[in-house]
Each structure stands twice: as structure tokens, then as C-alpha cells.
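I hope they are handy to keep beside the viewer.

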Amino acid sequence: MAKVDEKCEPDLLPDPKITEFVAPSWGRVGVACQGYTDPPFAGCGPGAICVPESEPGSGFRHCVKREGDHACPDEGYTDKLLFYAGYEDKRGCSACACDAPEGGVCTATVSVFKDGACTDPLFLGVPAGSNGAPCYDIIATGQPLGSKSISNVTYYPGTCQATGGEVEGSVESVGPATFCCLPEEN
């Protein structure tokens, strides 16, 4: 009796939605405020922009902002900080599949008869299986068998190792903005 392991199909769960991943978070936030240019409110000279002093250690800095990723000048506003307007979450899961099945077994009950009509038994109901059927000396050498039968044939499928389902892709920052800041005072 030979067994043939059949192909396994994965039990697929619905694809995870992007909301099931941990949402990205920012470690630092950039807020740009425009200084006063209107002389009645600013108290600055013509063409100048007035901004309030920032408290040391407050986290606020004097910077200039430009959309995109750019280099900062070599003098003055030299500290570059890059911020992003958002992100694209391109994460997903690889396809689920199954490896080749292993461990399937076929079993049956075997009977052997002296006559050709399966009525005069030599032995009845001996279990046999594809995982190593037992060996029996049925009759003396040279004595013919009349007939044989097999019944209760059952296939027990093996198991398949699941594969796939790994997280793929990444989160990509989009909408860069360059802040060129005055160096922090130490």
C-alpha cells in the first residue's frame, strides 16, 4: 500500500489592515511661525522681520524654513533640522502558503482466503498501513492463495508547515521641510 501526500492549502485569514500595524510617531515636531513685518506691530526697521526672543531650554529656536530637503548656509542659520508633513505606510504581509505535506498515513484491514470466493479464511482483519505494515507468514511455501480482500481503507492526511505572513515594506516619510536654525547656545 503506497501513500501519496496531497497538497495542503493554507487556511487564510483576512489580510491585515494597515491600522493593525503600530502607527508611526514623530520624535520631534517642527512648528513654523512667521515674524511680524508690519512696522506698527513689529517695531522693526523697513524690510526687517521681528521675532520674539526664545527662552534657553524652551525647545524653540530661530530658524528659516524652506519646503523640500535642502542644505543650510555655511554661516548664520547653520543647524539643519528636517521635518516631514506626513508618511506613507507601505507595510503589508507576505502571502501565506504551505510547505509540502508530511506525515500522511493510509490504513486498511487485510484478509486472505484459501478459496477464490473469499469464504474460507486463512486469516481475517489484519491491520496494515503505509507507515510500515507488519509481515506475516501466511501459508507454507508453495501453497497457493485463493483470494484476498482489503477493507476499511482510510487516508489520514499529514500536516503542512505554514509559511508567509511576515511583515514586508516600510513607512516612508513624505513632504520634507528644511529648517535652518541659529546654533543653540550652550
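1. Arg61 and Glu184 meet through their side chains in a salt bridge, with 3.9 Å from N to O; the term stands for a side-chain nitrogen of Lys or Arg within 4 Å of a carboxyl oxygen of Asp or Glu. This pair links distant parts of the chain, 123 residues apart: Arg61 is in the loop between helix H1 (39–42) and E1, and Glu184 is in the segment after E10. Helices (H or I, at least four residues) and strands (E, at least two) are DSSP runs, numbered from the N terminus. Arg61 is buried, at a relative accessible area of 19%. Here buried means under 20% relative accessible area, exposed means over 50%, and partly exposed lies in between (1.4 Å probe, protein chains only).

2. Before going further, a word on what you are looking at: this is a predicted model, in which local features need pLDDT of at least 70 and side-chain atom pairs count only at pLDDT 80 or more, while totals for chains, interfaces and linings use all residues. Residues are numbered from 1 along each chain as its sequence is written, and side-chain values use heavy atoms, with hydrogens and water left out.

3. How many salt bridges are there by this rule? The count comes to 7. One of them joins the side chains of Lys90 and Glu172, at 3.2 Å from N to O.

4. Arg91 and Asp89 form another salt bridge, with 2.7 Å from N to O. Arg91 counts as buried at 19% relative accessibility, whereas Asp89 counts as partly exposed at 23%.

5. Now to the cysteines. A disulfide is a covalent bond between the sulfur atoms of two cysteines, and in this model it is assigned to a pair of cysteine sulfur atoms within 2.5 Å. The count by this rule is 2 disulfides. Cys63 is joined to Cys181, S to S 2.0 Å. The pair connects distant parts of the chain, Cys63 in strand E1 (residues 63–67) and Cys181 in strand E10 (residues 171–181), 118 residues apart. The torsion about the S-S bond is about 95°, so this disulfide is right-handed. Cys63 is partly exposed, with a relative accessible area of 29%, but Cys181 is buried, at 0%.

6. The other bond to look at is between Cys72 and Cys180, whose sulfur atoms are 2.0 Å apart. Cys72 and Cys180 are both buried.

7. Cys96 is partly exposed, with a relative accessible area of 43%. Cys106, at 12% relative accessibility, counts as buried.

8. On the surface, Trp26, Val29, Val31, Tyr84, Tyr87 and Val171 form a nonpolar patch with about 580 Å² of accessible area together. Patches are made of residues with over 30% relative accessible area and no salt bridge; like charges are joined within 9 Å, and nonpolar side chains (Val, Leu, Ile, Met, Phe, Trp, Tyr) within 5 Å. Accessible areas come from the Shrake-Rupley method with a 1.4 Å probe, and for residues only the protein chains shown count as cover. Tyr84 is in strand E2 and is partly exposed at 32% relative accessibility. Val31, in the segment before H1, counts as exposed at 62%.

9. Lastly, please look at Ser111, which lies in strand E5 (residues 105–113) and is buried at 9% relative accessibility. Leaving out residues up to four places away in sequence, Ser111 touches Phe123, Leu124, Gly125, Lys148 and Ser149, where contact means heavy atoms within 4.5 Å.
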